[in-house]
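Hi,

Here is the structure I promised to pass on.

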Amino acid sequence: MSWTRKIMRVNLTEGSISEEPLNMEWADQYIGQRGLATRYFVEETDPKCDPLGPDNKLIFATGPLTGTMASTGGRYSVITKGPLTGAIACSNSGGFIGAELKSAGWDMVICEGRSPSPVMLHIVDDKVELLPADDLWGKSVWDTDKLIHQKLNDPQIRIAAIGRSAEAGCLYAAVINDLHRAAGRSGVGTVMASKNLKAMAVRGTLGVGNVKDPKRFMQVTAEQKQVLAENAVTGQGLPAMGTQVLMNVINEIGALPTNNMREVQFKDANKISAEAMAEPRESDGKPNLTTNAACFGCTIACGRISTIDKGHFTVENKPEYWGNSGGLEYEAAWALGADTGVGDLDALTYANFVCNEDGFDPISFGATVAAAMELFEEGVVTAEQTDGMELRFGSAEALAWCAEKVASGEGFGADLGLGSKRLCEKYGRPELSMTVKGQEFPAYDPRGVQGMGLTYATSNRGACHLRSYTVASEVLGIPEKTDPLSVDGKAGLVKAFQDATAAVDSTGLCVFTTFAWSLDNIAPQVDAACEGGWTAEKLLEAGERIWNLERDYIQRAGLTGADDNLPKRLLKDAAKTGPAEGKVAGLDVMLPEYYQIRGWTSDGQLTDETRSKFGLPA
Amino acid sequence: MRLALFPCLPADLRILYNRVFQSSKPECLFVIISFDTHANLCHNTLHSISKFDLINDQGLVHQIGDKQMLRSLNINPDKCTGCLQCEMACSFENEGVFNPAKSRIKIFTFHEEGRFVPYTCTQCDEAWCLHACPVEAIKMNRETGAMEVLDSVCVGCKVCTIACPFGTVNYNQTTGKVIKCDLCGGDPQCAAACPTEAITYVDADATGLEKMRAWAAKTDNQAHVN
Amino acid sequence: MTYVIVGSGPAGVVAAETICKLDPNSQVVMVGDEPDPPYSRMAIPYLLINNIDEQGTYLRKDPEHFDNAIKHMHGVAESVDVEAKTLHLADGQKIDYEALLASTGSKPILPPVPGIDGERVTTCWTLEDARKITATLKPGASVVLIGAGFIGCIILEALVSSGANLTVIEMGDRMVPRMLNETSGELLKKWCQEKGVNVMTSAQVESIEHHSDKAVVNISGDRHVDAELVISAAGVRANADFLEGTGVEMKNGAVAVDRHMCSSVPGIYAAGDAACGLDFSTGDFSVQAVQPTAVEHGRIAAANMVRHGSVLHQGCINMNVLDTIGLISVSYGQWQGVEGGDHTSLLDRDRFRYINLQFDEDMLIGANTLGITQHIGILRGLIQGQFNLGKWKQRLMDNPMLLMEAYLAATQGA
């Protein structure tokens, strides 16, 4: 039962708010959060709608385990049609606001239309109102957070907001909650800005109480927390080093994309790694990393809390950046660092702070800067466009400058805000964009981790590592070791990961638990909380249903099998160093096999048979 | 060294502890207390100095219940990750829902400092809440040492909420009663749920309550002349 | 040793209990002038709304609590023979004492207007008053409340929930002027008005006419309100008349006491509302008339009655909490501020939330809040701990809701 069974519909055009019962039939098929919100989204929006027009909708959705004591049960997702990809955008975030929303009594908030002027949504349990936010427009996420806390007179209130980048039209703007957690990818923040919705402030005091079998739930969640604690990755690696534990590992296996993916190894990887973050700085004797931190209910606590050296050139005259804030996760450290060739840890941390402060995705940003640097080296972008800033690989100054420009959307920042694909197209060199479906790659080179090539190519939201993290198997041996350099069996592996992940993303739990948990560990927790007889098989089936639903929607939106592709660089230019030397991404082998396993046509189309098998809308 | 205290109130012991004992060699200290100390008032204080000999004016070793069994919540903010498992466990135990807003333990986040501080009632010996209650609705549980709110007696006047200088007694507008930590009757769920041992339930001797006591004298309304 | 305690409110009961602990062989006589077992006036509002029965107001629930070491007797103290160390009761009884405590509390002041002694007028102070009010309250009854002070406000919920038509007449320019500043007093007025209460501030009752079926309350500005019941809650004063002629010095209408809670006459102590005791914040002596102060006074007076000079009072911090039809207001210390001190406030008029902090240099010295209940006691900790807040002062100036954080920073270096 752990759904509140209540959704909120906010019509921003009219400024009206209504309440509806949750469709429990759908909940039984799509679980919650990612899956269930997608089902609502597919039902209610035209796949051809303009992502930044009033016909697009923006859904904030929790899962049935969000707000409960299940470890990591604090997740929510933002579902919309993304402006970067034109595909379904579904960004997942931790922090605390998801649980707060659930505790206020809501499974989901559906925002539709467009407000005539800036507003914020204020939720205190069942008291919901739209407040004018003209005074917040033009403010960063951090300032917005501070002003709302003051205005609403309540330190406990949780806030999700967009920053200046979203307002300026950056296509990969994020929704930032709790100051430094992000529904980061695909431009969900840009959609929020297009609706003139500046922020959502939530205070929930009702709690999550309708757990089906409380006694069994407490027992089984306690047991599963123990599993996390005893696992080397979730019990030791992630708490101590964060996702940054991967930096040196991925570099060593020759899968760390460097300088806009021209290389697969970064000479300064060790300077921007987890180990480097823990090392006391020469200048002030303090390490970059202050402590680890958890999201709501998380017993792993992989989050990083960091400071920048006060004397570092990025912040020396800016005391507002001297305190602690969310530090580098692996993907951000890679995008801001390796992909741009910058080995200055504090400069990366600064850029990361700015990404959070003004709300944009550090992966897409870093990768776009990398593309811009290549354009600059090629002489296509010149100092004329960049106010004289030399966009050279390895330049920390350039990185910091780019971050500030994207934050404000001024000058060349507007170009950078287009994302890598549109930037490279604008300057006539589309082949330099390292994207799939318009979204930038994350931190694993498909030449060194073959499964990730298929992952990127087939992800329903554009290049993304979180849709099927085969790195777990290919590098870490979870659940079993596969050869990262081989394409054998990767189609099946990717499908299995995609389906399982779609299920996990719909429960309210964090996908990082799957380093230690399989669906066999998750199912009893869902089942103790929710009616419906949840088994691992039922979860997996729901995951596959969700995957197909997403795929169906993006095909109706106009994407085809031809978009399941990788940039030429990865398909033609072999890795130059490391264990993957001489390798290219073997997508041509994996993709047909994948379509076949999925039961799709050879050009990647869903069939009516598949639709009816999963009960998808015709 | 021999110190005589007459008469002896909890505050005597605490002030003595803070100002004298900490700077002295414990093995040569004796406290003479002149009356059968009321456990309600004194057990925590006495407990915190239990490594010293306590003798009354008849020269007998002072007995105060089963104080060796008393345990306290020990909080180590350095280990806290801010996950709020404790708040959920607390609210689930006491309210039947996962609801940090109704938790008796609270994590305070110091964003700029990168620090998380769990905070709850330390069942202080001074028990301002207990003394302030006009209708005897707060009583000490002799098994656990916890100051417990008796819901059936509490009228909801909120005097204890302003009297507690630690801010750990809160008014629950829904029920019209006050709520505070009661150590879950001796099995505190916050400690059980904490994944990092930032909150543990240990012998009172081992806790960091002294920190709190170090300043508490300032909040006391009485000082003892001799 | 024989101890006599005059007055059986919280100060008297706590003093009696403390004496028994400190001097187990003593004889403690506690004289109360009401027929009921010792009870808490704080609980009367909850009796009026039927949350509790009369027993629920009793200070001690054990029916035999006052049968053993403490002897509780009914009687009205009339005078004291200081030379003979004898207390004289109105019924002629005499009680010898070695130490005597005046914990006689306060009593309501009736405003000097014609008709105030009429039958339809009552105070709201004793259980007997509460019985009378309860008997009269019914839906549609018109009730006039004179005085929007602490007592007036705290019984408002009972009056409103009974369905009575309610008019409140307050002399001051706002509600609860002795506890709330202008902003919060005004906001509280708005709150009451939204709950359907007719609130008149800066208004004087000029007379009360009594007719067979009703009273008519005439108010300044040529206004009149009909009333089936008039409740006078126009303030209280210390109740220590029995000490007249003893030479005990009085201050602000109450017994002047030193830091041992001893009056100017050796052997006679005072505590609670009847005592003009040391104020922690100002260093002056004043009558605080609040429950926590009464209890502290009782404990300290008792220790000094057992052994004079043993305990020195460090001063009580003035603090109060008030629930007015569900809106909770709090005051601490020098909420009015001090000259040269900074202050900061946050106001959310629509949600009835307000906080005002007063500083002296970088120490918190006083506060007013409205609609804020979580961790509220930390205000006491911060004020009485006299912490130098350092950089946290500015953080509080920017956002006064960060009280707990400031406290933890001050005490734990967080």
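Let me start inside chain A: domain 1 of chain A and domain 3 of chain A bury about 2,300 Å² between them, with 61% of that on carbon and sulfur atoms. (Buried area here is the accessible area, with a 1.4 Å probe, that two parts lose on being put together, summed over both.) Before going on, some housekeeping. This is a predicted model, where local features need pLDDT of at least 70 and side-chain atom pairs count only at pLDDT 80 or more, while totals for chains, interfaces and linings use all residues. Residues are numbered from 1 along each chain as its sequence is written, chains are lettered from A and ligands numbered from 1 in the order in which they are written, and side-chain values use heavy atoms, leaving out hydrogens and water.

**Domains 1 and 3 of chain A**

Chain A is divided into domain 1 (6-203), domain 2 (238-439) and domain 3 (467-515 + 535-614), with bounds that come from an automatic or database domain assignment. The centres of domain 1 and domain 3 of chain A, taken over C-alpha atoms, are 28 Å apart. Domain 1 brings 34 residues to the contact and domain 3 brings 26 (contact means heavy atoms within 4.5 Å). Ile31(A), Arg34(A) and Pro47(A) supply 30% of the area that domain 1 buries against domain 3, more than any other three residues.

Three salt bridges are counted between these two domains (a side-chain nitrogen of Lys or Arg within 4 Å of a carboxyl oxygen of Asp or Glu). In chain A, Lys538(A) also pairs with Asp28(A) in a salt bridge, with the closest N and O atoms 2.7 Å apart. On the domain 1 side, α2(A) gives the largest share, seven residues. (Helices are DSSP runs of H or I, at least four residues, and strands are runs of E, at least two, numbered from the N terminus.)

**Chain A against chain C**

Here nine residues of chain A are in contact with eleven residues of chain C. The two chains bury about 800 Å² between them, 44% of it on carbon and sulfur atoms. Gln150(A), Asn153(A) and Pro155(A) supply 66% of what chain A buries there, more than any other three residues. One salt bridge is counted between the chains, and Glu129(A) forms a salt bridge with Arg351(C), the closest N and O atoms being 2.5 Å apart. β8 and α4 of chain A each supply at least two residues of the side that touches chain C, and α4(A) gives the most, with three.

**Other salt bridges**

How many salt bridges does a search of the whole structure find? The total over all chains is 72. Lys151(A) and Asp135(A) form one of them, at 3.7 Å from N to O. Lys151(A) lies in helix α4 (residues 141-152) and Asp135(A) in the loop between β8 (127-132) and α4, so the pair ties together parts 16 residues apart in sequence.

Glu374(A) and Arg262(A) also pair up, with their closest N and O atoms 4.0 Å apart. This one links distant parts of chain A, 112 residues apart: Glu374(A) is in helix α13 (residues 362-377) and Arg262(A) in the loop between α9 (246-252) and α10 (274-278). Glu374(A) is buried, at 2% relative accessibility, whereas Arg262(A) is partly exposed, at 24%. (Buried means under 20% relative accessible area, exposed over 50%, partly exposed in between, with a 1.4 Å probe and protein chains only.)

Finally, Arg9(A), Glu20(A), Glu44(A), Lys57(A) and Glu112(A) are linked in a network of salt bridges.

Cheers
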